[in-house]
Amino acid sequence: MFAVFIGVCEYYPIPVWKGHTTINFPINFTLYLMYGLAYTLFIYAMAVLIVNIVSRRPLRIVFFN
């Protein structure tokens, strides 16, 4: 459930005055407290990778970020 919510938050960022931002910090922190660092990093990395692939961003931008 957390992984789906992270994916939704990454796919629909909130517009701010100098670009876009996401609200993933509370979700990532909760995942870290419940499951540990390795699981949190894996879930977040997979969510970001899938969202960037679906958005058809160039790989140089995906790997830089």
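**Entry 1: a covered helix.** I began with what lies over the buried residues of α1, and the cover includes α2 (25–35) and α3 (37–54). I keep in mind that this is a predicted model.

**Entry 2: who is buried in α1?** Which residues of α1 are buried? I looked through residues 2–11, the span of this helix, and found I6, G7, C9 and E10. Looking down the axis of α1, I saw that these buried residues fall within an arc of 165°, so they line one face of the helix. A handy reminder for me: an α-helix has 3.6 residues a turn, so residues three or four places apart point the same way.

**Entry 3: two tyrosines.** Next I looked up aromatic pairs, and the count came to three. One of them joins Y11 and Y12: the ring centres are 4.9 Å apart and the planes stand at 90°, so I wrote this pair down as edge-to-face; the cut-off for that label is over 60 degrees. I then checked how open each residue is. Y11 has 40% relative accessibility, so I list Y11 as partly exposed. Y12 comes to 57%, and because exposed means over 50%, I list Y12 as exposed.

**Entry 4: stepping back.** I found four helices and two strands in the chain. Along the sequence they follow the pattern α-β-β-α-α-α. The C-alpha atoms fill a box of roughly 30 × 25 × 20 Å along the principal axes.

Entry 5: Of the 65 residues in the chain, 22% are buried. The chain exposes about 5,300 Å², and carbon and sulfur atoms supply 71% of that area.

How values were computed: Residues are numbered from 1 along each chain as its sequence is written. This is a predicted model: local features need pLDDT of at least 70, side-chain atom pairs count only at pLDDT 80 or more; totals for chains, interfaces and linings use all residues. Side-chain values use heavy atoms; hydrogens and water are left out. Buried means under 20% relative accessible area, exposed over 50%, partly exposed in between (1.4 Å probe, protein chains only). The arc is that of the directions from the helix axis to the C-beta atoms. Contact means heavy atoms within 4.5 Å. Rings of Phe, Tyr and Trp (its six-membered ring) pair if their centres lie within 6.5 Å; planes under 30 degrees apart count as stacked, over 60 as edge-to-face and the rest as tilted. Accessible areas come from the Shrake-Rupley method with a 1.4 Å probe; for residues, only the protein chains shown count as cover.
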